[in-house]
Amino acid sequence: MTGTSKTPDADLLARRDLAFGKGAKLFYDTPLHLVRGAGAHVFAADGRRYVDMYNNVPCVGHAHPRIVEAMARQQAALNTHSRYLSEPAIALAERLTGLQRVTQSAIFSCSGTEAIEIAIRIARIATGAGGIVCTDHTYHGNNMLVGALTNLPAGDTRHPDVRSIPFPETLRPLAPGLTGEALADAYIARLIAAIDELKASGAGFAALILCPILANEGLPDIPQGFMAKAAAAVRAAGGLIIADEVQAGYGRTGQWWGYDAVGLVPDIVVTGKPMGAGLPLAATTAKRDLVEAFRGETRYFNTFAASPLQGAVGLAVIEVLESEGLIERARVLGAELKAALRQRLGHWPGLADVRGLGLFLAAEFVDSDGAPDTAQAFELVCALRDKGFLTSIDGAFNNCVKMRPPLALQRADALAFLDAFDRAVAERHA
Ligand SMILES: Cc1ncc(COP(=O)(O)O)c(C=O)c1O
């Protein structure tokens with residue numbers, strides 16, 4: 001850290017520690033001071049330009065003029081809470097549910113956490129049961145209810161109405177030697193056991209919640225047939241499926257929704273992060289009867305949600321994604337980048353896997369014994385930053401280099417990133 005030097009960043013860091021209280025996390029071995037962004041580029045206080053290979057909130061690109069204009073125009077005209085008739089948020093709900101096809105009505109909120117909490121409450125009201133099943137290395141948000149789902153080991157009973165199951169993956173299968181449908185069945189057996197346990201405990205079973213692409217788990221390859229079998233098991237047990245599209249949605253995978261990319265049909269869909277391109281905007285969507293049961297029971301209100309401003313900005317984001325062909329770009333450029341990473345980096349012994357869909361990729365690193373190598377992944381992320389490319393670490397063991405750029409990423413920047421990644425790994429092995 002630069003804490004003792006007298007550089008402007010050292011001063012800012014010292015002020016930050018006082019203003020925020022020490023312990024507020026920063027990326028990289030030395031913190032990065034950013035002041036401006038444009039497209040898939042961000043600029044540091046020292047004038048250096050970085051290719052942003054990490055940020056998904058500005059999915060349409062940093063400081064997109066169409067978003068800035070929509071934000072300014074609506075704020076200049078009117079912004080109120082939702083207890084007046086107003087066009088933009090209604091139009092956004094119509095547009096969003098139209099794109100999702102499996103939902104009909106929307107409840108807006110201001111963060112993914114809030115939207116997930118609403119989804120859980122909808123499922124509980126609809127089923128009359130409390131139990132929620134999640135995956136064991138997930139993250140869905142940070143309040144007390146939703147935070148109970150974070151990194152909860154399978155079998156842990158500390159939250160009476162939450163059980164986790166091992167996240168389905170092929171790299172480190174649940175039982176050695178299991179592959180394909182048999183491996184999927186082994187994970188499904190754990191799901192059914194968790195549901196049965198919740199029922200036996202008296203909590204009952206309300207819902208399975210998962211990110212369709214298991215983003216925080218490190219984008220594992222999911223055993224063939226798992227999603228369809230999981231949906232069948234959940235429905236047979238009288239529960240609902242909540243798809244957390246906070247990371248997977250809005251074109252990230254090269255399709256509008258992660259659930260389409262993996263063949264899952266959810267009952268409740270949660271969106272957030274990229275929805276407002278930085279304006280706090282999230283949504284919980286479902287069939288109308290589910291939403292109306294929730295509204296009837298809770299009289300839910302959220303001061304900043306479903307506002308004209310959220311509506312106008314949310315509509316502008318969808319419009320830019322469509323008019324600039326960004327979802328198609330995620331599909332095509334993402335596939336090219338993934339194949340090129342595999343080809344260029346595949347010979348390095350520490351690289352276990354390159355995975356992902358669209359413009360959301362993970363490169364997993366292991367040591368010479370095949371154990372997760374968090375230090376190596378972190379060193380590479382710092383080396384990439386030194387070369388002008390922003391990534392981060394992620395995954396169940398924090399040993400994956402996570403690549404999740406704005407969908408506005410240009411091909412030339414993706415190719416330059418590939419070179420930089422190859423050089424960073426080569427330098428580490430030199
Ligand atoms: C998959 C997923 N769901 C939900 C959330 C929570 O969103 P928020 O930080 O807006 O509360 C996150 C945040 O990282 C996330 O990754």
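Which residues is His 41 in contact with, leaving aside its neighbours within four places in sequence? I looked this up in a predicted model, where local features need pLDDT of at least 70, side-chain atom pairs count only at pLDDT 80 or more, and totals for chains, interfaces and linings use all residues. Residues are numbered from 1 along each chain as its sequence is written, and side-chain values use heavy atoms, without hydrogens and water.

**His 41**

I found Arg 49, Tyr 50, Val 51, His 62 and Asp 413 in contact with His 41 (heavy atoms within 4.5 Å). His 41 lies in strand β2, residues 41-44 (strands are DSSP runs of E, at least two residues; helices are H or I, at least four). I count His 41 as buried because its relative accessibility is 17% (buried is under 20%, with a 1.4 Å probe and protein chains only). The side chain of His 41 makes a polar contact with that of Asp 413 at 2.7 Å (a pair of N or O atoms within 3.5 Å, one able to donate a hydrogen and the other to accept it; residues adjacent in sequence count only if both atoms are side-chain atoms).

**Domains**

Next I checked the division: domain 1 is 32-60 + 325-429 and domain 2 is 65-323 (bounds from an automatic or database assignment).

I noted 1 salt bridge between the domains (a side-chain nitrogen of Lys or Arg within 4 Å of a carboxyl oxygen of Asp or Glu). Arg 172 and Glu 364 meet in a salt bridge through their side chains, at 2.7 Å, N to O. I also noted 11 residue pairs in polar contact between domain 1 and domain 2, both residues at pLDDT 80 or more.

How values were computed
Buried means under 20% relative accessible area, exposed over 50%, partly exposed in between (1.4 Å probe, protein chains only).
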